[in-house]
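Please look over the chain below.

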Amino acid sequence: EPDLFKKLLPALQDDKALVIAVYARTHRSDIMAKMEEKNETITDEKSMKNSNKFQSLVDQTLCVEKKYLSGEIKDSDDLGDFTHVVWMIVTDSQEAKHFFVDNHDGEDANKRLFG
């Protein structure tokens with residue numbers, strides 16, 4: 001990840017951030033490894049055939065986020081109110097990464113969730 005040390009790690013270490021990790025495994029890395037073993041041409045992902053799966057992950061993540069921001073779920077350390085939300089997307093697919101970033105990067109969580 002090009003911005004790992006500049007953006008991602010500082011955001012994850014911020015005590016005022018609600019950090020939610022999302023693991024979106026698409027098995028793309030397994031498919032790519034098998035293609036390489038067979039000397040087949042490895043192509044970039046172009047379709048959004050997985051967009052329904054990605055949207056389901058987004059919906060589930062939004063549900064967890066809303067429960068924390070509304071106070072329904074409290075952090076076990078009770079660190080207080082969060083000032084912002086960070087989603088850490090762990091995936092084997094650039095397609096999934098771009099789906100999350102393109103659809104949810106930089107949104108105001110309170111505005112989105114509570115109007």
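## Overall make-up

Of the 115 residues of the chain, 23% count as buried. The model is predicted. Its accessible surface comes to about 8300 Å², and carbon and sulfur atoms hold 49% of that area.

The chain has five helices and two strands. Read along the sequence, they follow the pattern α-β-α-α-β-α-α. Among contacts with a separation of 6 or more, 76% are between residues 24 or more positions apart.

## The nonpolar core

The largest nonpolar core has 12 residues in all. Its members are L18, I20, V22, A24, F54, V58, L62, F82, W87, A96, F99 and F100. Strand β1 provides the largest share, four residues.

## Aromatic rings

A pair of aromatic rings is described by the distance of the centres and the angle of the planes. Ring centres must lie within 6.5 Å to pair, and planes over 60 degrees apart count as edge-to-face. The count comes to two aromatic pairs. One is W87 with F100, an edge-to-face pair at 6.3 Å centre to centre, with 75 degrees between the planes. This pair links distant parts of the chain. W87 sits in strand β2 (residues 84-91) and F100 in helix α4 (residues 94-104), 13 residues apart. Both W87 and F100 are buried.

F99 and F100 make an edge-to-face pair too, at 6.2 Å centre to centre and 90 degrees between the planes. Is F99 buried or exposed? F99 counts as buried because its relative accessibility is 9%, and the cut-off for buried is under 20%. F100 has 3% relative accessibility, so F100 also counts as buried. Together, W87, F99 and F100 form one aromatic cluster. These three residues are also members of the largest nonpolar core.

## T61, a polar residue

Where does T61 lie? T61 is in helix α3. Its relative accessible area is 6%, so T61 is buried.

Which backbone oxygen lies 2.7 Å from a polar atom of the T61 side chain? That oxygen belongs to L57. Leaving aside residues up to four places away in sequence, T61 touches I20, V22 and W87. I20, V22 and W87 are all listed in the largest nonpolar core. W87 is also part of the aromatic cluster with F99 and F100.

How values were computed. Residues numbered from 1 in each chain as written. Predicted model: local features only at pLDDT ≥ 70, side-chain atom pairs only at ≥ 80, totals over all residues. Heavy atoms only, no water. Phe/Tyr/Trp six-rings, centres within 6.5 Å; stacked < 30°, edge-to-face > 60°. Buried < 20%, exposed > 50% of the residue type's maximum accessible area, 1.4 Å probe, protein only. Core = buried A, V, L, I, M, F, W, Y, C linked by side-chain atoms within 4.5 Å. Polar contact = N/O pair within 3.5 Å; in protein donor to acceptor, adjacent residues only side chain to side chain. Contact = heavy atoms within 4.5 Å. Areas by Shrake-Rupley, 256 points an atom, 1.4 Å probe, with all protein chains shown as cover.
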